[in-house]
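Have a look at the model first, and then follow my entries below.

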Amino acid sequence: MLKYDSYYFQCPNCHAWLEGRNLKAEMVNQSILYSDGKVLNDNLITTRQKMIMCPSCGHVFWVENPEVPFITYEKPEAEIYSWNTWRFFGISFSDNKGKLALINHYKTFLKKSHYEPKNEIYLRRFLWWAYNDLHRNHQHVRLKYLLNGFMSFGVWHENRKMILEGEKLFLKNLKDFNENLKRLLALLEKHPEEQIDLEVPEIYRELRQFDKAKELLDQVGSRTHFTNEILRHSKWKDSRVFMVTG
Ligand SMILES: [Zn+2]
């Protein structure tokens with residue numbers, strides 16, 4: 001049984017048809033939440049891609065609300081660009097090169113034009129997540145993950161190499177990472193309606209302003225596993241993104 005509902009929409013410039021997908025929530029086996037707010041359902045990001053680059057003509061456009069009549073659930077009688085051709089601009093993430101390519105896409109978009117705050121927040125949040133993707137599953141480098149039998153030695157070893165290399169690339173780009181986070185933080189503080197969950201204290205933690213992160217978390221009314229975990233990592237003075245549940 002298909003785990004997706006496909007929908008279709010057209011590029012406003014060249015009218016090429018693109019296929020979009022909605023994951024069927026009731027069929028998800030595994031959901032993972034990371035401290036930066038990124039959620040993966042069966043390894044796929046759940047946050048919708050709002051900025052699209054047409055795979056046919058390269059035109060960049062925003063899809064704020066994918067609703068009828070802009071989209072249709074009827075498969076059109078035309079050539080259709082599949083989801084993979086435009087999703088994350090067609091990039092493959094099997095290695096760090098793909099991850100860097102995504103970072104560069106967002107950086108170029110941000111440099112190219114001026115966006116209204118809501119859209120700039122969207123782009124900077126995705127840029128933040130893209131940087132974090134370089135070392136997102138850092139806990140997997142530990143021998144424990146091999147010994148637990150989650151992965152074969154070959155897979156674990158290759159994966160470990162990629163994450164350690166990713167960590168180096170992350171540190172090399174740390175200045176840009178911090179600049180993006182500071183700008184995102186300023187925008188989110190000015191537009192609190194755009195904030196997601198605990199992202200403001202998490203940004204302070206990732207900027208190594210642990211006391212400020214703790215101060216904000218202490219003000220959160222009801223403690224959850226999520227709040228406690230960010231607090232714990234702030235106390236350790238650990239600024240790396242981590243898996244909250246999964
Ligand atoms: Zn087009």
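Entry one. I looked up the second largest pocket and found a volume of about 330 Å³ (the space filled by probe spheres set on grid points that are joined across faces, edges and corners). I took a pocket, on a 1 Å grid over the protein atoms alone, as an open set of points where a 1.4 Å probe fits, with protein on both sides within 12 Å along at least five of seven lines; lining residues have an atom within 4 Å of a point. This one is lined by 19 residues, and Arg21, Ile45, Thr46, Arg48 and Trp83 lie nearest its centre. Two or more lining residues come from each of β1 (4–10), β2 (17–23), β5 and α1 (83–86). The largest share, 3 residues, is from β2. Helices (H or I, at least four residues) and strands (E, at least two) are DSSP runs, numbered from the N terminus.

A note on the source: this is a predicted model, where local features need pLDDT of at least 70 and side-chain atom pairs pLDDT 80 or more, while totals for chains, interfaces and linings use all residues. Residues are numbered from 1 along each chain as its sequence is written, and side-chain values use heavy atoms, with hydrogens and water left out.

Entry two. I then turned to the largest pocket, with a volume of about 1,100 Å³. Which residues lie nearest its centre? I found Tyr34, Leu40, Arg136, Asn137 and His140, out of 42 lining residues. Elements that each supply at least two lining residues include β3 (31–34), α2 (96–112) and α5 (153–172). With 4 residues, α3 gives the largest share of this lining.
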